[in-house]
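Dear colleague,

My notes on it follow directly after.

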Amino acid sequence: MPRTRRPVPVSPRRRPAPKRRAWLPAVLLALLLVLLGSGAFYWHYRRQIHRYARRAWASFTAEQLTGREKTPLLSGYSVHGIDVSSYQGRVDWEEVSRHNVRFAFIKATEGVSLRDRRFQKNWGGAKRAGIVRGAYHYFQPNYDGTDQANLFVRTVPLGTGDLPPVLDVEHPEFHDVAVMRRNVATWLRLVERHYGVRPILYSNYSFYKRYLAGHFDKYPLWLAHYEVERPSLPRDKWIIWQHSDEAYVPGIRGAVDFNVYQGSYEQLLLLRIPPNAAARAN
């Protein structure tokens, strides 16, 4: 009988030990740093981020606006107002007046040649609705201050009971800050001489602090400062605060600037042009 060979046992092949993933801790650390950095960035710029998100959403939903939307009034103030230009389109001033809007500044001119195409309609509409009205000029810093003042006074028939003229200075592109200030000073001086009342200076907080503070302190300040609980400037430095440029008021289809006057309504009325000054202007 043939002899049977026993199979030789084969030892099982050892699997190689898994390589240690040396890169994993570095990746996890990098992810952690990204998350921490993103969180810090968001926390520091959260107001601006929220603002951009709101504006993007407002643009996306603009077609659905009806002109009846309403933003709550800012608490702590009794005198609320708006400022408008042709950008707002047709304004139903009677409807606006029914929603605690006590004053309005209306864009009249810009630079040396531009007249706002809706100025006359807004000017008459605000008065008929019983809203205390004023007019403003958007200042172009690279143009002559005299020419800009002349355009404004030829366009705006300020009279008894109107608010003082306003110079809006915020355009960031200019060649020389000293020249810009001289042109601002020229506009303010000539317009004050024409109407017999001291103009109001408008600017946003950062522009004012950087270029205007300390140079025009004798003029009442209308300050734009958003995303803050209160203006960073002391209360004795400003009289009107533009606290939002994305408010809604029934009678206006779309966003509009919202403002508050620091004092009472009676004090606002005292700002108006008196009869003797109006007679001088005419």
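The accessible surface of the chain comes to about 17,200 Å², and 53% of that belongs to carbon and sulfur atoms; accessible areas come from the Shrake-Rupley method with a 1.4 Å probe, and for residues only the protein chains shown count as cover. Please bear in mind that this is a predicted model, in which local features need pLDDT of at least 70 and side-chain atom pairs count only at pLDDT 80 or more, while totals for chains, interfaces and linings use all residues. Residues are numbered from 1 along each chain as its sequence is written, and side-chain values use heavy atoms, with hydrogens and water left out.

Of the 282 residues of the chain, 44% count as buried, where buried means under 20% relative accessible area, exposed means over 50%, and partly exposed lies in between (1.4 Å probe, protein chains only). The chain holds eight helices and nine strands, taken as DSSP runs numbered from the N terminus (H or I of at least four residues for helices, E of at least two for strands).

As for helix packing, the axes of helix 5 (residues 177–195) and helix 6 (residues 205–212) come within 11 Å and cross at roughly 105°, the axes being lines fitted to C-alpha atoms over the stretch in contact, with angles running from 0 to 180 degrees between N-to-C directions. The two helices are therefore roughly perpendicular to each other, a label that covers angles of 65 to 115 degrees. Val177, Met180 and Arg181 of helix 5 make the contact with Phe207, Arg210, Tyr211 and Leu212 of helix 6.

In helix 3 (residues 119–128), the buried residues are Phe119, Asn122, Trp123, Gly124, Gly125 and Ala126. Their cover includes strand 1 (79–84), helix 2 (93–97), strand 2 (101–110), strand 4 (132–138) and helix 4 (145–155). Helix 3 is followed by Gly130, whose phi is positive, near 80°.

Asn100, in the loop between helix 2 and strand 2, has a positive phi near 65° although it is a residue other than glycine, and with a relative accessible area of 45% it is partly exposed. Glu227, in the loop between strand 7 (221–224) and strand 8 (240–247), likewise has a positive phi, of about 60°, and counts as partly exposed at 25% relative accessibility. Glu173 lies in the loop between strand 5 (166–168) and helix 5 and is exposed, with a relative accessible area of 57%. Leaving aside neighbours within four places in sequence, Glu173 is in contact with Pro141 and Asn142.

With kind regards

Key:
Angles under 35 degrees count as roughly parallel, over 145 as roughly antiparallel, 65 to 115 as roughly perpendicular and the rest as oblique. Contact means heavy atoms within 4.5 Å.
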